Amino acid sequence: MSRTAWGTRVLWATGLVTAAAIAAGIWVIDSPSQQRLKRLDAARLSHLQTLELAANNYWRENDALPPNILALVAQPGMLLTQKDPSGGPDYVYRPLDATHYELCAQFDTSSARETPRGLAGEWAHPAGNHCFRRSVSTRNNE
C-alpha cells in the first residue's frame, strides 16, 4: 500500500471519528431552551424549599401551620416569593392537617433523568403541576 493511500485512510478515519464525537455531544447535551427550562425548575425548587423552611419556622413560633400562603410569605425577616420565575401560576401552599401541608408548582421538565443527590430525591417531580407533601416536626424545639 502506498503512503498516499494510507494517509488518505487515516484522514478519513479521523474525520469519521470527529463527526461521530460531535454527533454524540449534540445528542447528549440538552438544547439551550431545555437548559433554560431546567434552570427555571431549579429556581422553583429553591423557592419551594425556602417556603418549606418558612412553614416550619412559622409552626415552631405559633404551634400551628400558617392558614394560607399570604400568612406564610408575610413573616418578618424572611424573603419569600409565591411567584413563578417565568410568570406561570403562583406557588400553592395548602395545609392538610395540624402537621402536614402541600407545596405545589408547575414544572416545565421532569426530574426523572436526574440523579438524586442528598435531598434531591425528596424533591423529584414530573413535568406539569406537582405537589410535595411535607410535615413539620411535632417535637418541642430541641
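**A walk through the fold**

The protein chain holds three helices and three strands, taken as DSSP runs (H or I of at least four residues for helices, E of at least two for strands) and numbered from the N terminus. Along the sequence, the pattern is α-α-α-β-β-β. This is a predicted model, where local features need pLDDT of at least 70 and side-chain atom pairs count only at pLDDT 80 or more, while totals for chains, interfaces and linings use all residues. Residues are numbered from 1 along each chain as its sequence is written, and side-chain values use heavy atoms, with hydrogens and water left out.

Let's start with helix 2, whose 31 residues reach 45 Å from the first C-alpha to the last, close to the 45 Å expected at 1.5 Å a residue. The expected span is 1.5 Å times one less than the number of residues. After helix 2 comes Asp63, with a positive phi near 55°.

Several residues of helix 2 are buried, among them Leu40, Arg44, Leu48, Leu51 and Trp59; buried means under 20% relative accessible area with a 1.4 Å probe, protein chains only. Their cover includes helix 3, strand 2 and strand 3 (128-135).

Now look inside. The largest nonpolar core has 19 residues, and Leu48, Leu51, Tyr93 and Tyr101 have the most contacts within it. Such a core is a set of buried Ala, Val, Leu, Ile, Met, Phe, Trp, Tyr and Cys residues joined through side-chain atoms within 4.5 Å. Helix 2 (32-62), helix 3 (69-73) and strand 2 (100-107) each supply at least two of its residues, and helix 2 gives the most, with six. Beyond its neighbours within four places in sequence, Leu51 is in contact (heavy atoms within 4.5 Å) with Ile69, Leu72, Val73, Leu80, Thr81, Tyr91 and Leu103.

Terms used: Buried < 20%, exposed > 50% of the residue type's maximum accessible area, 1.4 Å probe, protein only.
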